[in-house]
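Here is a friendly note to read alongside the structure you are about to see. Please keep the picture open as you go through the points.

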Amino acid sequence: MNTIEQQLWDYLDGSLEESAKKAIEEKIESDAEIKSQYEELLKLNLVFGEMDLDEPSMSFTRNVMESVALAPAPIAMKTKVDKKIIYCIGGFFLVSLLALMSYVLYNSNLHMPGFDLNVNFDFNLDKYITPTAVYSFLFADLVIGLIFLDQFLRKKLTHK
Amino acid sequence: MEQELTDLVLIQNVLNGETAQYALLVKRHQRFVFTLALRFSKNREDAEEIAQDCFVKAYKALGTFKQTAKFSTWLYTITYTTAMTFLRKNRLNTSSIHDEETFLQLENQTSGFNANSYEKQDSHTFLNLAISQLMPDDAAIVTLFYKGEQSLEEIGEALHMEPNTIKVKLHRARQRLKEKLQYLLKDEVKELL
């Protein structure tokens, strides 16, 4: 495959490495037969480059536009895959699973005599819910809310 | 103003709802897509149907076009697959598209011409005639390389072939074109070349 003609074509296409390029240039300079072959391919290359493109009928664009008018307008994939839809689907499955689990637990008559945790659930909540704790919780909520609002407004500005 | 818009800008406009701008993309690429289709179908009517189908498919799938690649390369991939599907449907030369026998058959179909009758025609006519006698994929590779401004890698992507295979086929196609031009033009080839 690596004939002199192939090398000459590669040289004309500019796809040879520097060392191979120099080698073929030397061959063209030193060998009259190769030089004549090179000149023939050079002219042939120019002729190939001048090939004509065929023209479709005058009504081609109109026909295409009439056909695409019947199709729904294309939408970018990013727009198609809306994150809200994914969150809604995720939320729906989560709620469904929780509802199903609750229903099963509520209706089951689970009894494990050998399994007794003896955990005292009788917490004194008033001891923990102090005004400071409530204010701290609300403050954290406010900070998170402001961060989300900032991100939302930034996104809107970027889109504009 | 509109002529200055790049393919990517036009695509973005179409995706944003300005669907009429797709006509500009069609006008810009129709000659090349049609020529490419003609390389496979060898018939103007079929080529027009393939090219039209290709643009409709491209429009429907425009949302999936990854804007990191050239639109033309993506379009030529669609043209190639549409042409192949069309040929399979119409049971034309499909099983033997890469086959030497088809090449010989196609050659025989047009071998009855008299070279003397073409004496007054220019080199473009002879070149187009020689290209039409090549195997479809060889003709498509030569067209993509010289007129489509596509690299060997991009042609490989469009025709689902390795760049090395494209390189071999391109070399073979050029050799055959040279032989055919020599045969078609006989002594005049020296003047042409």
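1. **Before you start.** This is a predicted model, in which local features need pLDDT of at least 70 and side-chain atom pairs count only at pLDDT 80 or more, while totals for chains, interfaces and linings use all residues. Residues are numbered from 1 along each chain as its sequence is written, and chains are lettered from A, with ligands numbered from 1, in the order in which they are written.

2. **The two chains.** Chain A has eight helices and zero strands, and chain B has 10 helices and zero strands. Both words refer to DSSP runs numbered from the N terminus: helices are H or I runs of at least four residues, strands are E runs of at least two. Of the 160 residues of chain A, 7% count as buried; in chain B, buried residues make up 38% of 193. Buried here means that 20 or more other C-beta atoms lie within 10 Å of a residue's own, exposed means 12 or fewer, and partly exposed is in between, with C-beta atoms placed from the backbone.

3. **Contacts inside chain B.** Two residues are in contact if their C-beta atoms, placed from the backbone, lie within 7 Å. Among the contacts in chain B with a separation of 6 or more, 63% involve residues 24 or more positions apart.

4. **Where the chains touch.** The contact takes 31 residues from chain A and 38 residues from chain B. On the chain B side, the elements that give two or more residues are helix 1 (7-15), helix 2, helix 3, helix 6 (123-132), helix 7 (136-146) and helix 9 (163-185). Helix 2 of chain B supplies the largest share, 10 residues. By class, that side of chain B has 20 nonpolar, 11 polar and seven charged residues. In this scheme Ala, Val, Leu, Ile, Met, Phe, Trp, Tyr, Cys and Pro count as nonpolar, Asp, Glu, Lys and Arg as charged, and the others, Gly among them, as polar.

5. Look for helix 4 of chain A and helix 2 of chain B, whose axes come within 10 Å and cross at roughly 140 degrees. That angle makes helix 4 of chain A oblique to helix 2 of chain B. Axes are lines fitted to C-alpha atoms, for helices over the stretch in contact, and angles run from 0 to 180 degrees between N-to-C directions. Angles under 35 degrees count as roughly parallel, over 145 as roughly antiparallel, 65 to 115 as roughly perpendicular and the rest as oblique. A:Phe60, A:Thr61, A:Val64, A:Met65 and A:Val68 meet B:Tyr22, B:Ala23, B:Val26, B:Lys27 and B:Gln30 here.

6. **Helix 3 of chain B.** How far apart are the end C-alpha atoms of this helix? They are 24 Å apart, which agrees with the 24 Å that its 17 residues (44-60) should span at 1.5 Å a residue; the expected span is 1.5 Å times one less than the number of residues. Its buried residues include B:Ala47, B:Ile50, B:Phe55 and B:Tyr59. The buried residues of helix 3 pack against helix 4 (60-70) of chain A together with helix 2 (22-41) and helix 4 of chain B.

7. **B:Ser72.** This residue lies in helix 4 (residues 71-89) of chain B. B:Ser72 counts as buried because it has 20 C-beta neighbours inside 10 Å. Leaving aside neighbours within four places in sequence, B:Ser72 is in contact with B:His29 and B:Gly148.

8. **Helices 7 and 8 of chain B.** The axes of helix 7 and helix 8 (residues 152-159) of chain B come within 10 Å and cross at roughly 140 degrees, so helix 7 is oblique to helix 8. B:Asp137, B:Ala140, B:Ile141, B:Leu144 and B:Phe145 in helix 7 meet B:Ile155, B:Ala158 and B:Leu159 in helix 8. By class, this contact has seven nonpolar, no polar and one charged residues.

9. **Two residues further along.** B:His160 lies in the loop between helix 8 and helix 9 of chain B, and is exposed, with 10 other C-beta atoms within 10 Å. Phi of B:His160 is near 55 degrees, a positive value in a residue other than glycine. Most residues other than glycine have a negative phi. B:Lys167, found in helix 9 of chain B, is buried, with 21 other C-beta atoms within 10 Å.
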